[in-house]
Amino acid sequence: MDATVVGRESVGPNTFTLTFDTPEGFEGLAGQFVRLSGEIDGEEYARFYTLSSPGTGETFEITVEVAPESGPFSDYLAALQSGDEVEVTGPFGDDYYEGEGRAVVLAGGPGIGAAVAIAEAAVENDAEAAVVYRYEGEPAHEARLDALVDAGADVTLLGEDDAEFERAVDSVVTGADEEGVFVYGFADFVEAATDAIEAAGGDAEGAKVESFG
């Protein structure tokens, strides 16, 4: 199906969101991901992006980070304007917010898009939310993270210090019956996060995890 771009916004260094009109029949949940595809110089490209909106009612959103190693498809998305159409497939993924009474999201780098979506979905559900966001350089989605704090969520932003990260995870993983723990990031972050969950006495095997490779 094709989705029409209705908005583009910078949300951090080399990071932007794309907002699309929701096509008929498309229903996604915070934490799921979609496949976007397009043709560049006669060659077909496709990439997967996690939803960064808490729902997909009238519109849905993804977050894109452009880095030197990102490749031509990220540049293709960066050049899109309102009214342009992109082929979208999905949503995919079994690890998403399902109404848990407490949502704890550990996010590394581009995983912040999924983190704000899940935390916002939890807040909208009158549930507790906690985000631990590990990043290099400068953070993305600061405005939405600030809004989550104003809404009562527990938000921790930190750099590359392993001990600091472990302490932050220990402070938010409570083991409560209705607590769901989510992990989004690249493979090295996922490994560090699952180790930290175990060290905090949580159930790392029961966490909902998406590794970006």
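1. Val104 sits opposite Ala130 of strand 8. Strand 7 and strand 8 run parallel and are joined by seven bridges; strands count as paired when DSSP finds at least two bridges between them. Strands here are DSSP runs (E, at least two residues) and helices are runs of H or I of at least four, numbered from the N terminus.

2. A word on the source: this is a predicted model, where local features need pLDDT of at least 70 and side-chain atom pairs count only at pLDDT 80 or more, while totals for chains, interfaces and linings use all residues. Residues are numbered from 1 along each chain as its sequence is written, and side-chain values use heavy atoms, with hydrogens and water left out.

3. Back to strand 7: seven of its seven residues are buried, so the rest of the structure largely encloses it. Buried means under 20% relative accessible area, exposed over 50%, and partly exposed in between (1.4 Å probe, protein chains only). In a regular strand the side chains alternate between the two faces of the sheet. Here one side carries Arg102, Val104, Leu106 and Gly108, the other Ala103, Val105 and Ala107, and both faces are covered.

4. Leaving out residues up to four places away in sequence, Leu145 touches Ile112, Val116, Val131, Tyr133, Ala140, Val155 and Leu157 (contact means heavy atoms within 4.5 Å).

5. Now the largest pocket, with about 1,200 Å³ of space. On a 1 Å grid over the protein atoms alone, a pocket is an open set of points where a 1.4 Å probe fits, with protein on both sides within 12 Å along at least five of seven lines; lining residues have an atom within 4 Å of a point. Its lining has 38 residues, with Glu65, Gly109, Pro110, Phe186 and Phe212 nearest the centre. Strand 4 gives the most, four residues. By class, the lining has 18 nonpolar, 10 polar and 10 charged residues, with Gly counted as polar and Pro as nonpolar.

6. The second largest pocket has a volume of about 170 Å³. Its lining includes Glu100, Val173 and Lys208, and strand 10 (residues 179–185) gives the largest share, three residues.

How values were computed
Grid points are joined across faces, edges and corners, and a volume is the space filled by probe spheres set on the points.
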